[in-house]
Amino acid sequence: MSPRAGKTGPHTLAFVESPVQLLNVLEWAHAHAPDAELALVVLAPTDPMTRGQLRRMAELAREEGHTVRWEEARGGPAAPFQTVGGLTGLLRRARRVVLGDPFSRYVQLLLTITRARHLVVVDDGTATMEFVAQLARGERLVRWHRKGGRPGARDLVFAPVSARARRRLTPTAGRQVEIFSSMPMDETPAGVTVHANDFAWTRFRFGPPRITKGADMVGTSLVETGVVDAERYLDAVRTLAKAHGATRYFAHRRESTEKLHRLAVETGLEIVRPDLPLELIARRGPIGRTILSFPSTVVHTLPLALAGTEVRVAVCDIDPAWLTDHASPRAQGFLSGVTGTARDVTRLQTVTALG
């Protein structure tokens with residue numbers, strides 16, 4: 001029987017576009033809405049690895065008693081119109097909406113339709129830090145790795161929708177806005193309620209893991225987003241793996257096949273494409289006694305998911321020399337902040353002897 005069979009609660013509608021978002025919706029429900037049956041809507045991306053992880057996470061959500069609706073939101077030119085049209089009724093009836101990526105144009109468009117008086121933003125990785133800061137300062141919503149660039153034609157066309165979505169995410173007398181996050185926040189928007197995500201559901205549901213003697217490395221998509229030079233990144237991975245005896249490389253879901261092939265050939269690392277978010281993979285085990293990472297979400301989330309174990313998370317900063325000419329002026333400061341605010345991690349000396 002469903003763990004929530006026979007229970008009722010406020011009608012809650014959640015939108016997710018990534019496995020991590022779905023995981024954090026489950027964490028929020030476990031911590032703050034244990035009696036609510038969620039209607040989870042997956043706005044499916046096209047990337048095969050992300051889709052695979054989302055399907056596995058959807059299975060876990062169903063096991064928790066939630067309903068899951070899979071939307072091929074990017075399945076062709078007409079897909080967005082069909083998706084939005086099909087969700088309008090649910091949006092208008094929902095009393096509470098949970099979302100994972102306030103920067104998403106899809107989510108921003110859906111926010112202009114809903115009448116919900118309670119909005120919850122769960123983590124979409126380190127981007128949550130930037131969202132909170134921008135909301136506190138009343139700035140337009142722009143992803144950190146694009147900040148500093150000139151708005152494109154699509155940005156200008158979509159600007160009115162984005163502005164309206166930002167207003168919906170601003171608390172008023174009749175609208176409650178909540179942020180559920182494991183990320184550190186220097187600024188808190190006025191009137192916004194903040195709750196800490198300590199990954200209690202993950203620790204309750206999985207593990208503790210079997211810990212191996214070696215080290216594992218966590219991949220990043222900083223090359224794919226145009227922030228870090230590919231050759232510099234490969235050199236850094238090679239140097240760190242050799243220095244710490246790493247044997248496995250857990251690929252980020254957005255890393256390119258070509259880059260991963262080069263990593264395998266040039267470093268000898270075993271490339272692992274996880275079928276679930278890394279927090280769950282690590283909690284299930286086996287996992288290395290040391291986890292090596294560059295600045296990313298996992299330097300904040302893995303220590304929480306692995307609390308009570310002997311696993312050490314070690315992070316290596318991004319050297320400014322690794323950045324591409326196209327990297328946002330904001331990139332170095334943001335990445336340094338991601339590392340500098342991480343708790344319960346070991347700081348490694350930046351790899352400088354590259355190329």
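1. Handedness of the H1 and H2 crossing. In this predicted model, helix H1 passes helix H2 in a left-handed crossing. H1 covers residues 19-32 and H2 covers residues 48-63. Their axes lie 9 Å apart, and the packing angle is about 15 degrees. Angles under 35 degrees count as roughly parallel, and H1 and H2 are therefore roughly parallel to each other.

2. Residues between H1 and H2. On the H1 side, the contact is made by Pro19, Leu22, Leu23 and Leu26. H2 contributes Thr50, Gln53, Leu54, Met57, Ala58 and Ala61. By class, the residues of this contact comprise 8 nonpolar, 2 polar and no charged. The student may wish to locate these side chains in the structure above.

3. Helices H8 and H9. Two packed helices are described by the angle between their axes and the distance between the axes. For helix H8 (residues 230-244) and helix H9 (residues 257-267), the axes come within 10 Å and cross at roughly 40 degrees. That angle makes H8 oblique to H9. The crossing of H8 past H9 is right-handed.

4. Residues between H8 and H9. Which residues of H8 make the contact with H9? They are Glu231, Tyr233, Leu234, Val237 and Arg238. From H9 come Lys259, Arg262, Leu263, Glu266 and Thr267. The contact of H8 with H9 divides into 4 nonpolar, 1 polar and 5 charged residues, whereas that of H1 with H2 has no charged residue.

5. Cis peptide bonds. Most residues other than glycine have a negative phi, and most peptide bonds are trans. Against that background, the bond from Gly207 to Pro208 is cis, with omega near 5 degrees. Pro208 is placed in the loop between helix H7 (200-205) and strand S8 (211-218). Gly285 and Pro286 are also joined by a cis peptide bond, for which omega is about -5 degrees. Pro286 belongs to the loop between helix H10 (278-284) and strand S11 (287-293).

6. A positive phi. Phe199 is a residue other than glycine, yet its phi is positive, near 60 degrees. Where does Phe199 lie? Phe199 is in the loop between strand S7 (193-196) and H7.

7. Overall form. The chain contains 12 helices and 13 strands. Along the principal axes, its C-alpha atoms fill a box of roughly 55 × 50 × 40 Å. A compact globule of 355 residues would have a radius of gyration near 20 Å, and the chain agrees with this because its own value is 20 Å.

8. Confidence. The average pLDDT of the chain is 88, and 91% of the residues score at least 70. Residues 1-10 require caution: pLDDT stays under 50 over this stretch. The model has 19 contacts beyond four places in sequence for residues 1-10. Where pLDDT is low, the predicted coordinates should not be read in detail.

Terms used. Residues are numbered from 1 along each chain as its sequence is written. This is a predicted model: local features need pLDDT of at least 70, side-chain atom pairs count only at pLDDT 80 or more; totals for chains, interfaces and linings use all residues. Side-chain values use heavy atoms; hydrogens and water are left out. Axes are lines fitted to C-alpha atoms, for helices over the stretch in contact, and angles run from 0 to 180 degrees between N-to-C directions. Helices (H or I, at least four residues) and strands (E, at least two) are DSSP runs, numbered from the N terminus. Angles under 35 degrees count as roughly parallel, over 145 as roughly antiparallel, 65 to 115 as roughly perpendicular and the rest as oblique. A crossing is left-handed if the near helix is turned anticlockwise from the far one by less than a right angle, and right-handed if clockwise. Contact means heavy atoms within 4.5 Å. Ala, Val, Leu, Ile, Met, Phe, Trp, Tyr, Cys and Pro count as nonpolar, Asp, Glu, Lys and Arg as charged, and the others, Gly among them, as polar. pLDDT is the predictor's confidence in each residue, from 0 to 100. The radius of gyration is taken over C-alpha atoms; the globule rule is 2.2 Å times the number of residues to the power 0.38.
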